[in-house]
Amino acid sequence: MEEEKYMRRCIQLAQNGLCNTAPNPMVGAVIVCDGKIIGEGYHIRCGEAHAEVNAIRSVKDSSLLKRSTIYVSLEPCSHYGKTPPCADLIIEKQIPRIVIGCQDPFAKVAGRGIQKLKDAGREVIVGVLEEECRNLIRRFITFHSLHRPYITLKWAESADKYIDKHRESGKPVILSGPLTSMLVHKKRAEYSAIMVGTRTAKLDNPSLTVRNWQGRPPVRIVLDRQQLLSPELHLFDGDVRTLVFTEKPHPARPNVEYIPIDYQQNILPQITGYLYAQGLQSLLVEGGSILLQSFIDAELWDEAFIEESPAMLFSGVPAPEMSHETPYVCERHFGRSFRHYTAARLG
């Protein structure tokens, strides 16, 4: 189908903005005239031009717009935010036909852009590859509908289901290969925040950066109920904003904030609620086993990536356990197998 072909191109373009558009959604746009693509664009970075604007700007002969169709993966905005409304621009450029992947779930838009285009006499088609377009913005939808970040769990486990040896010091067992380690850094660049528990911070002393990939480092999050973590840890070097969820107030350090929460209550809703209030749209949880399992048991997760190492440890820290009823797909990256779980929570 012709319309689906161009909408798939919109989705493909939109994915280029994965690391830079948050908290805005990823959006792609394609302009077609006489069966040929004459313009393309995507939302490159939050605060900058939207996909429709970039697509229109890319058209060399603007006179063609008056007899073109613009395809866009998400409903054009109708309100003034950091940029003017895209629906107004489409009307101004006299584009007669608009094909939209899915309606915007954001309350300030939510059908208003579609109605504005219709009121201006434009032909509007909505729902082409709707499921794929909604999946594209699943982080945005989760954030605005559930009032929490989109949560992804990640760990590497041995062939006999351990993530590390039991230890009180020393280096962790490395289960990821050099290339899959690079893949971890790529994934970090795709998230707003990254989280580890107290024991992981103490024993592994991770930096939680994207040093092996290009992109913005995520906000670092660590649990330290009794404030026992050494100030010499990499997490407290001040290079990246770091949030510490603790039991009692503590003076802030440079670029390190201490957030008291009630450890007598379930801490996960308190943490995700705080991250939502901070506008952090996505969270990558990297360990340790107890923290990961707590998210699993609370059914507070949206995706999980488990790297399967061929190594055998024979004993050690057991890997977290997903429910046997939870479906997953097997993926292959750089010669390693991954189990990819996706929770079906999009409405």
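Helix α9 (residues 267-277) lies across β6, β8, β9 (219-223), β10 (242-246), β11 and β12, and runs at about 150 degrees to β10. Helices (H or I, at least four residues) and strands (E, at least two) are DSSP runs, numbered from the N terminus. Contact means heavy atoms within 4.5 Å. Axes are lines fitted to C-alpha atoms, for helices over the stretch in contact, and angles run from 0 to 180 degrees between N-to-C directions. The model is predicted: local features need pLDDT of at least 70, side-chain atom pairs count only at pLDDT 80 or more, and totals for chains, interfaces and linings use all residues. Residues are numbered from 1 along each chain as its sequence is written, and side-chain values use heavy atoms, with hydrogens and water left out.

The sheet comes next. It is open and has 9 strands in the order β11-β10-β9-β8-β12-β6-β13-β16-β15, with mixed pairing; two strands pair if DSSP finds at least two bridges between them. β11 (256-260) and β15 are the edge strands, each pairing on one side only. On average, neighbouring strands of this sheet are turned by 20 degrees against each other, direction ignored. β13 and β16 pair in the antiparallel sense over 6 bridges, and the bridge partner of A304 in β16 is Y341. α7 also packs on the sheet, where α7 touches β6, β8 (193-196), β12, β13, β15 and β16; the direction of α7 makes about 145 degrees with that of β12.

Now the pockets. On a 1 Å grid over the protein atoms alone, a pocket is an open set of points where a 1.4 Å probe fits, with protein on both sides within 12 Å along at least five of seven lines; lining residues have an atom within 4 Å of a point. Grid points are joined across faces, edges and corners, and a volume is the space filled by probe spheres set on the points.

The largest pocket has a volume of about 1300 Å³. It is lined by 46 residues, of which P172, T200, D204, E286 and G287 are the closest to its centre. Elements that give two or more residues to this lining include β6 (150-157), α7 (178-189), α8 (198-204) and β12 (282-287).

The second largest pocket has a volume of about 750 Å³. Among its 32 lining residues, L18, R138, K186, K187 and E190 lie nearest its centre. α7 gives the most to this lining, with 5 residues. Other elements that each supply at least two residues include α5 (130-136), α6 (138-146) and β13 (303-308).
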